[in-house]
Amino acid sequence: MPAQQKKIIFCVAGVLSFACALGTAAAVGTQLWVKGTILCKTGALLVNATGQELEKFIGKIQYGLFYGERVRQCGLGGRPFQFSFFPDLLKIIPASIHVSVILFCTVLIIFALVGAGFFMFNAFGSPYETLHGPVGLYLWSFIACKYRPPSHLSSVSGSCGCLIMILFSSEVKIHHLSEKIANFKEGSFTFKTHSEQFANSFWIILVCSLVHFLNALLIRFAGFEFPFSKSKDSGTTTGAADLMY
């Protein structure tokens, strides 16, 4: 492939990596990770609410990694509340999982920025092998996004983006995060999750992970082989040639 086309591909990959870093940073700071509705179970049972009457006992909730808000509905109109994970909810949420999600988001941002720098360095600089050359581009793309071509990359434990999604999904679905938040400091009323879905920020992490996978394909499209992917036959032939001299 001509050098000019390689430069364009590296520039595109660099811009995508930088956009991923900005997108992840923006997603971390919002409260649009989960949106749902919360049913005031105690109030609904007291009046035996059904049908349209039940809507008077269904409030709303949305939250991110640091803060959120909920509307408490117990038959007398909505009452909005703001809440923060740190330090208010640390005692009732799976803190280790929640902190791990934030940590991996930070790592994902750092890897995306470093990857963007390497792409631009390869496009406009004079890269050398290992960390600054094509091997380095593969390395940062593979670390940022789970991709296992041959077995030599099996040491890469997985994608930061995938880990973020898996951990946060388990926190919400398995540990019933929305219910724990809704029942925080509620003495006489019990709330139950009526519906919940992942919001925009959660899917931004998925898109960023797919973009890192795309960057790895762009490197391959630029004409660079996967690192250490030389065939055994070529290695055997070279070794035989060396013995002849």
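By class, how many nonpolar, polar and charged residues does the lining of the largest pocket have? This is a predicted model, in which local features need pLDDT of at least 70 and side-chain atom pairs count only at pLDDT 80 or more, while totals for chains, interfaces and linings use all residues. Residues are numbered from 1 along each chain as its sequence is written, and side-chain values use heavy atoms, with hydrogens and water left out.

The lining holds 5 nonpolar, 1 polar and 4 charged residues, and it is made up of R70, F81, Q82, F83, D88, L89, I181, F184, K185 and E186. Strand β4 (residues 78-84) contributes the most to this lining, with 3 residues.

I181 also belongs to the largest nonpolar core, which has 36 residues and in which W33, Y63, L65, F85, F168 and I181 have the most contacts; such a core is a set of buried Ala, Val, Leu, Ile, Met, Phe, Trp, Tyr and Cys residues joined through side-chain atoms within 4.5 Å. Among the elements that each supply at least two residues of this core are α1 (3-28), α3 (95-124), α5 and β5 (191-198). A second, separate core of 8 residues includes I9, F10, F119 and A123. L65 touches, among others, W33, F85 and F168 (heavy atoms within 4.5 Å), not counting residues up to four places away in sequence.

After α5 comes H176, whose phi is positive, near 50°.

Note on methods. Helices (H or I, at least four residues) and strands (E, at least two) are DSSP runs, numbered from the N terminus. Buried means under 20% relative accessible area, exposed over 50%, partly exposed in between (1.4 Å probe, protein chains only). On a 1 Å grid over the protein atoms alone, a cavity is a set of points where a 1.4 Å probe fits but cannot get out, and a pocket is an open set with protein on both sides within 12 Å along at least five of seven lines; lining residues have an atom within 4 Å of a point. Ala, Val, Leu, Ile, Met, Phe, Trp, Tyr, Cys and Pro count as nonpolar, Asp, Glu, Lys and Arg as charged, and the others, Gly among them, as polar.
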